[in-house]
Amino acid sequence: MTDGGDRPPRARDAAAPGPVPGSAVHDPDTGRIGVVAGRAGTGLRLCPLGGGGTWQADPRRVRLLTHAELLSARVAEANARTRRAMEMHDLPVGDGSGHYGAR
């Protein structure tokens with residue numbers, strides 16, 4: 001028996017599953033926020049909140065988003081979707097001042 005200081009990590013620590021599919025995470029390697037779509041070998045497959053192409057991430061590096069971070073990311077995605085739709089239909093897009101179009 002040892003004093004515990006030189007024990008190898010327990011098996012469940014070494015094989016920690018990481019975030020599960022559907023979890024929203026921050027990937028520090030890309031600076032992006034994504035939703036876990038699944039696993040790809042030892043990595044995670046992430047996709048953007050608003051959909052789109054997936055990318056690979058290291059499950060040991062990502063961190064789960066807080067509720068506030070997830071809400072902020074969803075609002076930002078909804079705003080971006082609205083801006084794209086308005087631009088596609090040639091509608092005036094606000095400048096953040098609350099004023100739209102010419103006065």
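Mentor: From the N terminus on, the elements of the protein chain follow the order α-β-β-β-β-β-α, that is, two helices and five strands. Here helices (H or I, at least four residues) and strands (E, at least two) are DSSP runs, numbered from the N terminus. This is a predicted model, in which local features need pLDDT of at least 70, side-chain atom pairs count only at pLDDT 80 or more, and totals for chains, interfaces and linings use all residues. Residues are numbered from 1 along each chain as its sequence is written, and side-chain values use heavy atoms, with hydrogens and water left out.

Let us look at the largest nonpolar core, which has seven residues: V25, V36, L44, L46, W55, A57 and V62. The elements that give two or more residues to this core are β3 (43–48) and β4 (55–57). A nonpolar core is a set of buried Ala, Val, Leu, Ile, Met, Phe, Trp, Tyr and Cys residues joined through side-chain atoms within 4.5 Å. Buried means under 20% relative accessible area, exposed over 50%, and partly exposed in between (1.4 Å probe, protein chains only).

Consider L44 in this core. Leaving aside neighbours within four places in sequence, L44 is in contact (heavy atoms within 4.5 Å) with P19, V36, G38, R39, W55, Q56, A57, P59 and V62.

V62 is also one of the contacts of P28, along with R61, when neighbours within four places in sequence are again left aside. P28 lies in the loop between β1 (24–27) and β2 (32–40). With a relative accessible area of 36%, P28 is partly exposed.
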